Every structure is written in structure tokens, then in C-alpha cells.
Amino acid sequence: MKKVLTILMMGVMLWGCSEESEQKNSVPENPLRLSGVTRAPSDVTAATDSLSPIQIFLMSGLEKTEGNFVYNTTRGEWISTIGVKELENYVYGFAPAMAAKGQVRTVTSGATDYSEGCVMTLDELTAIGGEDLCVVTGVKADKTPITEVPEFGTFKFDKQGTTNYIGLLLDHLYGAIEFKIKVGARYSERRDIWLKKMALTSTQAVTQATVTLKANTTGGNPITDVRYTTAEGEQTNTCYDYGTDPTTTKGLLLTTEGTRFTSYCAPIAGLDKKLRLVCTYDVYNKKGTRVRENCTAENSLAGISEVTIGRGKKVIVNLTVEPTYLYQLSEDELDNPGVKIKSE
């Protein structure tokens, strides 16, 4: 069931809610190369640039080699910092690498290798952010381009000589909230709304995730447990800031079709009740005159409490800027629209 929340405005607008450079490192001997990456068995065309760089732990016995796969958009290929030395290896990792600091240990105490899986600890996390944090859940030896999606639960990789290609399967650790903001058709005939900044803030912090991955031969998802460490404190994800947008000095003009923004969220029970959306905007009349400047609106997202932000799931929040009493509004009151909020 969709929940609709209609709120009227009183003097403020209320909202419901470099390109990768070449690696300085020289190419390692017998480099481990990436032929392709996907975030789901049916998604073999996953955006490569959004996953780069990928942090890799190449395990041989108990020995660990760390490195990255970095996607070079100019050359259209992955650059590797990892060399393959041993015959038998196990590959673990997460992406994008800048989203966390990671460590791995054997899934079983006293194990002599990583054949059974691993426990991955990810530090320096946030409750909300702009990165779709994922972990490696499958590995397959495959040359460019990736022709078969790796199976869940397979992490073993045998050295093939001087040329070593693998494909990676990843799975999500966070959920997502997608905001679609549009202006009501009648209101858009009278006023233009230019969004200058939009930030999602959580009053609950997340500092760490511990992920247990168990290898299997049945094709089952190897993620058997994910635990998040929370703390008191505020964390913020800026979804948009015109100050860092090189295409405009004015902001984003909201349209009747809608503008989309996405923020990723730790799938913690009750987190939605601790989220608020803060927006800064200017209002212009149809003659191009700015009639209101740097207005700030803050909204709790508690209205979507019946929707669960699950791992790998997306919640869509539709926002409509629209006055409730259009035919009775005076010229001054047209600058104070209401907002209809719908969640899916």
C-alpha cells in the first residue's frame, strides 16, 4: 500500500521528504586482470565506472596480496595493481574501494587457507552515502569480454600463466532511496523552482559492517550474515550541490517530469525514522525575476516508515511541489506551495 502525505506550507517550502587517472604503480608481474563485473546474475552490463576502484584481497594459503582494479574511462579497460604469484588463490573484495577500509580473516578459526570463505570487516562507513557498497560474491576465470556470469559462492582462482583474467559477481550491502522531485503542472505555469542543494541526514551513525561469506558449490548466495555497528552521531550525504556542478551557476530547474536523486542507506531497522531531507532552493517568476532566495526546507522521512529499506532493495519516494488551493491563492501565496509525498 502506498502512503500519501500532504503538507501545507507556512512561509517556507516543505519537501516530503576526474575521470580515473592512470595508476602511478608499474604493471605488476603476471597481473591479475578483470574481464568484467556485474552486480546481479541478470545484470552483465553493470556500470563499471560506479564500481571503480575495486578493492581486492588475493589469498594464497594465509598469505594476502592487496590491490585494486581501477577502470580507465579513456581506454575503456580495467587497470590492475595486483600480481599473481601462487598457483592456487582465493579472491575476495568490495567496491567501490573509497567507500570503506577493509580487512579479511578466515571464516573458521585455525583454518590454513580461505577455501571455506572469509569474514570481511569494513570500517569508516556511514549510515547513508552516495556509494553503492558491494562485496564480491563470485569469481570466474574468463577472458574479455565476460561471457558467463560467475556463480555465487565460488572464490577459487588458479593461476593461468602470465595472462590471468577473472570476472566478478558482486552483491549489495546497502539499500537505496530514490527521490523523484517534480513540480505540479499548474504551479509550474506561474513559478520556477531552482534546487541549489539537497542533503539527506541521519541522526544515527554507522561505523562498521562485518560480513560473513561462506563458499559453496550449489550457487547459493555466500553472504550468510551482515552485522552493522551503530553509534550516536549525525551523518550526512549531499545528494546535490550546485556549487560543485560545473554545468550551472544557478542550480537545477525542477520540471513536471521529475528529477531523480539517489542515496544509499544501511539496512538497519528504524533508520527511516531517523532520516531527514534538507533542501535549499530559489523561487523565480516566469519573467526570470528571483522572488525568494536561499530558502531552506527540512522534512522528516518518518512518513515512509511502513517501507523497509532492505539490503539490495530500492524505496522510491515521489515528491510533488504543488499548491493545494490553486484557484484561491493570491500572488504572494503562490510562493508557498504544498508538497504531496508518495512512497513505493
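Where is P96 found? P96 sits in the loop between β6 (88-95) and β7. Strands are DSSP runs of E with at least two residues, and helices are runs of H or I with at least four, both numbered from the N terminus. A cis peptide bond joins A95 to P96, with omega at about -10°. A cis bond also joins S52 and P53, where omega is about -5°. P53 lies in the loop between β2 (32-38) and β3 (54-60).

The model is a predicted one: local features need pLDDT of at least 70, side-chain atom pairs count only at pLDDT 80 or more, and totals for chains, interfaces and linings use all residues. Residues are numbered from 1 along each chain as its sequence is written, and side-chain values use heavy atoms, with hydrogens and water left out.

Backbone angles mark two further loop residues. N30 has a positive phi of about 50° although it is not a glycine. N30 is placed in the loop between β1 (4-7) and β2. N30 counts as buried because its relative accessibility is 15%; buried means under 20% relative accessible area, exposed over 50%, and partly exposed in between, with a 1.4 Å probe and protein chains only. E124 is also not a glycine, and its phi is positive, near 60°. The loop between β8 and β9 (128-129) holds E124. At 60% relative accessibility, E124 counts as exposed.

The search of the whole structure for salt bridges returned 14. A salt bridge is a side-chain nitrogen of Lys or Arg within 4 Å of a carboxyl oxygen of Asp or Glu. One of them joins the side chains of R75 and E77, at 2.3 Å from N to O. R75 is partly exposed at 48% relative accessible area. E77 is partly exposed at 32%. In another, the side chains of E178 and K314 meet at 3.3 Å, N to O. This pair links distant parts of the chain, with E178 in strand β13 (residues 175-183) and K314 in strand β20 (residues 314-322), 136 residues apart. E178 is buried, with a relative accessible area of 9%. K314, at 48%, is partly exposed. E189 and R186 also form a salt bridge through their side chains, at 3.7 Å, N to O. E189 is exposed at 52%, and R186 is partly exposed at 32%. A network of salt bridges links K196, D282, R290 and E293.

D245 presents another case. Its place is in the loop between β15 (223-241) and β16 (252-253). D245 is buried yet has no salt bridge, and the nearest side chain of opposite charge, K196, is 13 Å away. Here Lys and Arg count as positive and Asp and Glu as negative, while His and the chain ends are not counted. The D245 side chain makes a polar contact with the side chain of Y240, at 3.0 Å. A polar contact is a pair of N or O atoms within 3.5 Å; within protein, one must be able to donate a hydrogen and the other to accept it, and residues adjacent in sequence count only if both atoms are side-chain atoms. Leaving out residues up to four places away in sequence, D245 touches Y240 and L252. Contact means heavy atoms within 4.5 Å.

S115 is set in the loop between β7 (101-106) and β8 (117-123). S115 is partly exposed, with a relative accessible area of 29%. The side chain of S115 makes a polar contact with the side chain of D113, at 2.7 Å. Apart from neighbours within four places in sequence, S115 is in contact with Y90 and A215. The C-alpha atoms of S115 and K156 are separated by 7.2 Å, although the two residues are 41 apart along the chain.

T203 belongs to strand β14 (residues 191-214). T203 is partly exposed at 39%. Beyond residues up to four places away in sequence, T203 touches G233, E234, K274 and R276. T203 and Q235 are 32 residues apart in sequence and 6.6 Å apart in space, C-alpha to C-alpha.

The largest nonpolar core has 79 residues, and F69, L168 and M198 have the most contacts inside it. Strand β14 gives the most to this core, with eight residues. A nonpolar core is a set of buried Ala, Val, Leu, Ile, Met, Phe, Trp, Tyr and Cys residues joined through side-chain atoms within 4.5 Å.

C118 is buried at 0% relative accessibility. C295 is buried at 10%.
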